[in-house]
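Hi,

Here's the model I promised to pass along.

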Amino acid sequence: MRPFLLIIDGSIGVGKTTAAKVIHQRFPRTVFLGLDHTKWFISHFKRDRRNNTIVNEVILVMAREFLGRNINVIVEQAFTSELVEQYQGLARQCRARVVTIQLTADRAVLLARITARSKIP
């Protein structure tokens with residue numbers, strides 16, 4: 001069976017990581033990749049264009065390797081349309097099925113979640 005690539009997109013606080021974790025547990029031979037997880041491989045990571053580009057490129061390479069070995073991939077982050085297109089192209093190259101999910105939430109809910117996060121030490 002062909003592997004799948006699941007792209008979970010949405011703004012901060014919308015629940016991308018939570019959704020990815022739940023889906024990840026339900027499907028065997030599935031890897032969960034994301035900018036927020038991978039960025040911590042770089043000590044003293046600073047969120048800027050250069051470092052985000054590095055991390056996104058690494059995630060793309062990892063996704064290619066996993067899909068090429070018939071391992072499903074879940075990727076979550078706030079995507080640009082160009083990055084979504086890169087992942088969709090990757091899925092085509094690897095003959096993987098691709099699903100893109102755009103999560104949304106009410107503005108008040110998002111603000112409450114973001115505020116709660118900033119209080120966590």
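First, some terms: helices (H or I, at least four residues) and strands (E, at least two) are DSSP runs, numbered from the N terminus, and two strands pair if DSSP finds at least two bridges between them. This is a predicted model, where local features need pLDDT of at least 70, side-chain atom pairs count only at pLDDT 80 or more, and totals for chains, interfaces and linings use all residues. Residues are numbered from 1 along each chain as its sequence is written, and side-chain values use heavy atoms, with hydrogens and water left out.

On to the sheet. It is open, with four strands in the order S2-S3-S1-S4 and parallel pairing. S2 (30–34) and S4 (97–102) are the edge strands, each pairing on one side only. From one strand to the next the twist averages 15° (axes are lines fitted to C-alpha atoms, for helices over the stretch in contact, and angles run from 0 to 180 degrees between N-to-C directions).

S3 (residues 72–77) is joined by five bridges to S1 (residues 4–9), running parallel, and S2 and S3 also run parallel, with five bridges between them. Across from S3 residues you'll find Ile7 opposite Val75 and Leu5 opposite Val73; Val31 also stands opposite Val73. Helix H1 (residues 16–26) packs on the sheet and touches S1, S2 and S3, its direction making about 170° with that of S3; contact here means heavy atoms within 4.5 Å.

How buried is S3? Six of its six residues are buried, so S3 is largely enclosed by the rest of the structure. (Buried is under 20% relative accessible area, exposed over 50%, partly exposed in between, with a 1.4 Å probe and protein chains only.) Both faces are covered: Asn72, Ile74 and Glu76 on one side, Val73, Val75 and Gln77 on the other.

Now the cores, meaning sets of buried Ala, Val, Leu, Ile, Met, Phe, Trp, Tyr and Cys residues joined through side-chain atoms within 4.5 Å. The largest has 22 residues, and Leu5, Val73, Val75 and Tyr87 have the most contacts inside it. S1, S2, helix H3 (49–68), S3 and helix H4 (81–93) each give it two or more residues. Leaving out residues up to four places away in sequence, Val75 touches Leu5, Leu6, Ile7, Ile8, Leu33, Ile59 and Tyr87. A second, separate core has six residues, among them Leu6, Ile8, Phe32 and Ile74.

Cheers
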